[in-house]
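Student: Could we go through this model together, one question at a time?
Tutor: Gladly; here it is.

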Amino acid sequence: MSNAQPQLTEDIAASLAWWKAAGVDYDFNDDATVWLSEETSNTEHNSERATKAQPIGQTAAVEKPPEEIDHFDGKPPQNLEEFREFWMSAPGLDPIGPRGRIAPRGSANPKLMVIVLDPEVGDSNSLLSGPQGRLLTNILAAMNLSEEQTYFASALTRHTPMADTEAAAKAGMAQVLAHHVNLVAPERLIAFGANISPLLLHDATNPSTHLRENNQKPSSRSPLVTEGLDAMMAMPRLKARFWRRYIEWSAQL
């Protein structure tokens, strides 16, 4: 026995060393094992008990989507003069405040209303007073329209790079623009801006859809929603595409 015991010990040690060298350092068996810690297991168990204890017919609270902000506070402007005053002074229309906003320009019932997403970066006293405005002047001339026959507006109060139009629409600016269009009451409407649709349309993915229901007074004609003037300046091929779409759109009016 005295000679066998050291040999057995050496065999066991050699076997363990072999398994360790092979990378097997855990023992596996067929018995069920608790994988979750006791704290986690108890938490899930308590949650399950709470769910089972919920009275029949009682439903979990559903978070309601935020309501659209009413910047008019229930008293919308009644004419364009009142709207311009509201546009230039009402708090909450943008994060900065009234200072530096750019007003729309034009008269009611024009041949055409032009809406851009935001003023140009260099605008200070007049909307579209820079290169984009000069491009638009040339476009209007090709349409046989003068600036006096056109109303110029922006969906946002100031130049806003990379504007989140979905958020702006939910924050009430779509309602503001809808009322603005109603007050202008144009014969036709063109909206410039690839990202302007959420502020203007029911379906942002379909530029051919009509304006919001409260925008359809006195005309229900579909607007032409097209690329921004800045994009046309950067990519001349977009001008050709705009003219094709304009001709098709005009033929339907």
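Tutor: Let's begin with strand S1 (residues 112–116), which is joined to S3 by five bridges and runs parallel to it. Strands are DSSP runs of E with at least two residues, numbered from the N terminus, and two strands pair if DSSP finds at least two bridges between them. This is a predicted model, where local features need pLDDT of at least 70, side-chain atom pairs count only at pLDDT 80 or more, and totals for chains, interfaces and linings use all residues. Residues are numbered from 1 along each chain as its sequence is written, and side-chain values use heavy atoms, leaving out hydrogens and water.

Student: Which residue in S3 does Met 113 stand opposite?
Tutor: S1 and S3 run parallel, joined by five bridges. In that pairing, the residue facing Met 113 is Leu 189.

Student: How many bridges join S3 to strand S4?
Tutor: S4 covers residues 224–226 and runs parallel to S3. The number of bridges between S3 and S4 is three.

Student: How many residues of strand S3 are buried?
Tutor: Buried means under 20% relative accessible area, with a 1.4 Å probe and protein chains only. One side of S3 carries Arg 188, Ile 190 and Phe 192, the other Leu 189 and Ala 191, and all are buried. For S3 (residues 188–192), the count is five of five.

Methods. Buried means under 20% relative accessible area, exposed over 50%, partly exposed in between (1.4 Å probe, protein chains only). Helices (H or I, at least four residues) and strands (E, at least two) are DSSP runs, numbered from the N terminus.
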